[in-house]
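Reader: I am new to this structure and would like to learn how to read its features one by one. Could you take me through them slowly?

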Amino acid sequence: MKIVIDSIRYHVDTCGEGFPLLLLHGFTGDSSTWMDFCGQWGQHSSLLALDIIGHGKTDAPENVEKYNILRAADDLQQILEKNHIEKTDILGYSMGGRLALTFAVKYPHMVRKLILESASPGLETVEERKQRMNHDGKLADFIKKNGIEAFVKYWENIPLFESQKRLSDSVQLSIRQQRLNNSITGLTNSLFGMGTGSQPSWWDQLCHLEMDILLITGSMDKKFCRIADNMQNKLKKARMVTVENCGHAIHVEKREKFGTIVSEFLSY
């Protein structure tokens, strides 16, 4: 379905019955990444899988200010309101995890349980954020100069996704085709507006979050395992699950295991 927020047409897929579960994909992804879980999670949750601004079938406006992660969190609030949802569970992966955490910081009363897959609260220092913004700016320039196909070829070969090369050819092709559906404007503006360098740091806010939180990482993704461990030390009600022999995208690499971990967390 389409939901219009501030002139932006958001695409949302829905399935299942039960307590609401908002699903937020990663950079270059879309709502289709969650559809294989409908049969399992739909037994206990009412799923809303969103295409984040600039991705999938949601609009990719030219105005980069609309991609600001705080503004995107406000859009989520309005999407939930239009669906008459006062409180929800949220699962966010990578970029979607940073957006999910941003929403939880801004609207804690609307979040029952929060699941963060390979996500971070941002960078702690101004200097780190400047360096990351510079890096993301260069990446955006690469996309503009070389196009989506060249970028996707580069992106699928970065070290973060090395473990995905063990997936079947058909799964890798499906991921590649989905990424190719994105637009130059959508991806470059997402880097500028919602990149790790441009978002606020939420490290100091973690201690104020009262909801149950689950942190999921893959054992081969050492950087995000360290981040999750540091986050757990600051959060009041968090548990961390590390999935063995797995990289950044647990929901892709260990789909069955990931589905069970999420179901068990939401059901207790």
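**Charges, rings and a helix**

Author: Let us begin with a charge and a ring: the charged end of Arg179 sits over the ring of Phe161, 5.0 Å from its centre. A charge sits over a ring if NZ of Lys or CZ of Arg is within 6 Å of the ring centre and within 35 degrees of the ring normal. This is a predicted model, in which local features need pLDDT of at least 70 and side-chain atom pairs count only at pLDDT 80 or more, while totals for chains, interfaces and linings use all residues. Residues are numbered from 1 along each chain as its sequence is written, and side-chain values use heavy atoms, with hydrogens and water left out.

Reader: Which ring has the charged end of Arg112 over it?

Author: That ring belongs to Phe19, and the charged end of Arg112 lies 4.1 Å from its centre.

Reader: Which residues form one aromatic cluster?

Author: Rings of Phe, Tyr and Trp (its six-membered ring) pair if their centres lie within 6.5 Å; planes under 30 degrees apart count as stacked, over 60 as edge-to-face and the rest as tilted. Here one cluster is formed by Phe27, Phe142, Phe151, Tyr154, Trp155 and Phe161, and the structure holds 13 aromatic pairs.

Reader: How many salt bridges does the structure hold?

Author: Side chains of opposite charge can pair when their charged atoms come close. A salt bridge is a side-chain nitrogen of Lys or Arg within 4 Å of a carboxyl oxygen of Asp or Glu, and the structure holds eleven of them. In one of these, Arg9 pairs with Asp59, with the closest N and O atoms 3.1 Å apart. This pair links distant parts of the chain, 50 residues apart, as Arg9 is in strand 2 (residues 8-15) and Asp59 is in the loop between strand 4 (45-50) and helix 2; helices (H or I, at least four residues) and strands (E, at least two) are DSSP runs, numbered from the N terminus.

Reader: Is Asp59 buried or exposed?

Author: Buried means under 20% relative accessible area, exposed over 50%, and partly exposed in between (1.4 Å probe, protein chains only). Asp59 has a relative accessible area of 18%, so it is buried, whereas Arg9, at 46% relative accessibility, counts as partly exposed.

Reader: Why is helix 3 described as largely enclosed by the rest of the structure?

Author: Helix 3 is described in that way because ten of its twelve residues are buried, among them Met95, Leu99 and Phe103.
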